[in-house]
Number of protein chains: 2
Amino acid sequence: MTRDLYIDGLECSNFDREVLEELRDGNISCVTPTLAFWENAAETMDALGRWRDLARDNADLITIARTAGDIESAHATGRTAILLGTQNSSPIDDRIRYVELFHDMGLRVMQLTYNNQNAVGGSCYEPTDSGLTRFGREVVREMNRVGMVVDLSHVGERTGIDAIEASGRPVAVTHANPRSLYDHPRNKGDELLRALVANGGVIGLATYRNISGPWVSSRARWCDMVRKTVDIVGIDHVGIGTDLSRKSGEAELEWMRRGRWTRTPQYGAGSATNTGKAPKVEWMSSTRDFPALARSLSADAGFTDEETAKIMGGNWLRFYRDVL
Amino acid sequence: MTRDLYIDGLECSNFDREVLEELRDGNISCVTPTLAFWENAAETMDALGRWRDLARDNADLITIARTAGDIESAHATGRTAILLGTQNSSPIDDRIRYVELFHDMGLRVMQLTYNNQNAVGGSCYEPTDSGLTRFGREVVREMNRVGMVVDLSHVGERTGIDAIEASGRPVAVTHANPRSLYDHPRNKGDELLRALVANGGVIGLATYRNISGPWVSSRARWCDMVRKTVDIVGIDHVGIGTDLSRKSGEAELEWMRRGRWTRTPQYGAGSATNTGKAPKVEWMSSTRDFPALARSLSADAGFTDEETAKIMGGNWLRFYRDVL
């Protein structure tokens with residue numbers, strides 16, 4: 001019997017050996033951690049250095065993946081491939097040539113913008129979305145050229161659609177949900193999702209409470225959201241991107257929300273009446289819960305084994321083969 | 001008939017297509033350019049980006065080498081391998097983990113110090129040489145581990161000897177001459193040279209006027225210096241590192257000598273009575289002069305063909321095979 005291949009498209013966790021063991025326990029063959037929210041080139045290189053150390057110190061559990069083949073090798077050896085990513089293009093310090101250099105250093109996923117407008121494009125929280133900028137077009141083209149995943153999760157809707165049009169390869173929404181199912185600025189409208197599908201992309205559905213609303217009230221309910229998303233984008237374009245933040249606390253939340261750009265409170269995906277870290281989703285409190293989720297997709301949402309395999313990791317793997 | 005393999009261990013030239021054509025005309029199969037004198041990580045990454053562009057735009061002439069095999073491939077296809085190097089450890093911004101990251105980005109040669117003391121060790125121009133520091137030992141060990149050439153050319157004598165002792169692999173003096181033949185702070189004493197040889201290293205002899213004195217007065221005279229150096233270190237440990245600076249002018253000289261560290265005049269290898277750019281050595285005004293030098297090593301200094309081949313590139317190639 002071959003082991004199932006599960007992939008988590010995006011996490012914000014602070015990984016240590018315990019969290020890496022959870023990946024193993026959950027049968028996760030690949031995960032993308034977040035190396036940067038607002039960090040610049042130097043700080044992201046520090047984060048890359050820490051991941052090198054973590055991979056060397058825990059070589060029995062993980063390996064840093066540079067290709068889709070590395071993910072398959074990790075799966076075959078019962079380990080988890082780490083597909084290094086950032087949630088902002090801040091690491092390239094507005095230099096087109098840094099895209100290739102960060103690719104050399106192993107970075108494989110880059111979200112074009114985090115919560116704010118930057119030189120590349122507009123964000124989901126900006127009152128006005130600039131669309132993909134002139135520099136942004138260059139960055140998308142360069143990411144295509146070197147083989148780096150363009151992630152549109154926190155990106156503004158207009159900028160996201162522009163990026164899909166500009167991209168010569170499939171792009172991803174690693175962690176968001178359809179806006180038609182839960183109306184939140186972080187979630188994606190049908191126009192963007194249609195363009196994403198036409199371009200061969202994948203949306204990783206999130207279990208993050210603030211952008212999932214009632215759908216996270218139970219595992220079965222969330223699987224119903226998966227079913228409804230499949231109705232919108234088709235079975236070949238849905239994956240999982242939990243947005244889990246294991247061992248990440250108030251300090252990290254402050255950094256994500258305020259970075260160095262503001263002196264005033266910011267609520268990110270929360271609100272003035274919901275300011276703290278979103279409470280854990282009890283049925284997805286760590287990646288240990290992936291196997292139960294797979295069972296629920298079949299038992300509660302009625303997916304076939306083949307469909308479940310696509311949602312749990314098969315679609316991401318095909319996507320990584322296309323892009324990396 | 002196989003073409004001879006020539007290697008220039010170190011240049012400061014500003015490379016453009018014309019200078020790259022000179023490399024071809026001179027039959028140079030590998031050269032190390034200087035990407036940094038005082039530049040930090042970001043600036044060195046900019047320089048790496050420029051070299052990527054240069055290599056893409058002149059793929060008929062050059063290729064960036066990551067291994068000794070790449071040098072042999074370049075030689076086989078009549079091109080010049082660019083072995084990327086810096087004349088300071090400033091690119092790593094005092095971070096041990098950046099050594100591996102810069103290696104990932106293609107850097108293969110790093111001089112531990114330029115003209116000043118830094119966190120790694122003492123320089124040839126400092127009144128007191130700290131020796132290899134605690135951090136310096138870590139850097140040498142890390143360069144060993146990833147496969148990066150430790151260059152001692154501008155390094156202080158004590159620090160250089162310490163580095164040889166600390167190094168688990170052969171190290172290089174890419175561009176200097178024996179101090180016993182011409183007394184200059186940049187040149188190397190016999191104790192260091194003996195240690196270099198015992199460790200399997202190579203010294204690249206320089207044609208730079210300020211550190212060569214009377215030996216550059218003619219090609220034949222310089223070949224006599226090669227002969228005398230071979231008497232000191234043996235035929236297997238001598239190469240060439242011209243220190244050529246084609247298309248490099250006063251602005252570059254100012255940067256080399258003063259960087260950002262001083263407001264007062266500095267003379268580098270010159271002196272208060274010899275402040276400007278050293279006059280060209282007429283018989284080594286560009287790499288086009290390499291074939292004539294090879295002939296002179298045989299005709300004037302009496303080296304056999306096999307010995308000449310070692311001096312002109314064979315020793316460097318063996319060294320790169322050992323280290324990279």
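**Figure 1. Contact between chain A and chain B in the predicted model.** In this predicted model, 19 residues of chain A are in contact with 19 residues of chain B. About 1,700 Å² is buried between chain A and chain B, with carbon and sulfur atoms giving 48% of that area. The model has an ipTM of 0.88 and a pTM of 0.93. For chain A, the mean pLDDT is 97, and 99% of the residues reach 70 or more.

**Figure 2. Polar pairs across the interface of chain A and chain B.** Between the two chains there are 12 salt bridges, and 12 residue pairs are in polar contact across the interface. On the side of chain A that touches chain B, the elements giving two or more residues are helix H2 (41-57) and helix H4 (97-104) of chain A. The largest share of that side, 9 residues, belongs to H2(A).

**Figure 3. The salt bridge of A:Asp46 and B:Arg95.** The closest N and O atoms of A:Asp46 and B:Arg95 lie 2.7 Å apart. Because A:Asp46 is in helix H2 of chain A and B:Arg95 is in the loop between strand S5 (85-86) and helix H4 (97-104) of chain B, the pair joins two chains. A:Asp46 is partly exposed at 23% relative accessibility, and B:Arg95 is partly exposed at 28%.

**Figure 4. Salt bridges around A:Arg52 and B:Glu100.** The side chains of B:Glu100 and A:Arg52 form a salt bridge (3.5 Å, N to O), which crosses from helix H4 of chain B to helix H2 of chain A. B:Glu100 is buried at 12% relative accessibility, and A:Arg52 is buried at 9%. A:Arg52 also forms a salt bridge with B:Asp104 (2.6 Å, N to O). Within chain B, B:Glu100 forms a salt bridge with B:Arg145, their closest N and O atoms being 3.5 Å apart. B:Arg145 lies in helix H5 (residues 134-146) and B:Glu100 in helix H4, so this pair ties together parts of chain B that are 45 residues apart in sequence. B:Arg145 is partly exposed, at 41%. Through shared partners, salt bridges join these residues into one network, whose members include A:Asp53, A:Arg56, A:Arg66, B:Arg97 and B:Glu142.

**Figure 5. Helix H1 of chain A and its surroundings.** Helix H1 (residues 17-25) contains the buried residues A:Val19, A:Leu20, A:Glu22, A:Leu23 and A:Arg24. Their cover includes strand S2 (28-31), H2, strand S3 (62-64) and strand S4 (80-82) of chain A. At the start of H1(A), a side-chain oxygen of A:Asp16 comes within 3.1 Å of the backbone nitrogen of A:Glu18. A:Asn27, which follows H1(A), has a positive phi near 70°.

Terms used
Residues are numbered from 1 along each chain as its sequence is written. Chains are lettered from A and ligands numbered from 1 in the order in which they are written. This is a predicted model: local features need pLDDT of at least 70, side-chain atom pairs count only at pLDDT 80 or more; totals for chains, interfaces and linings use all residues. Side-chain values use heavy atoms; hydrogens and water are left out. pLDDT is the predictor's confidence in each residue, from 0 to 100. Contact means heavy atoms within 4.5 Å. Buried area is the accessible area (1.4 Å probe) that two parts lose on being put together, summed over both. A salt bridge is a side-chain nitrogen of Lys or Arg within 4 Å of a carboxyl oxygen of Asp or Glu. A polar contact is a pair of N or O atoms within 3.5 Å; within protein, one must be able to donate a hydrogen and the other to accept it, and residues adjacent in sequence count only if both atoms are side-chain atoms. Helices (H or I, at least four residues) and strands (E, at least two) are DSSP runs, numbered from the N terminus. Buried means under 20% relative accessible area, exposed over 50%, partly exposed in between (1.4 Å probe, protein chains only).
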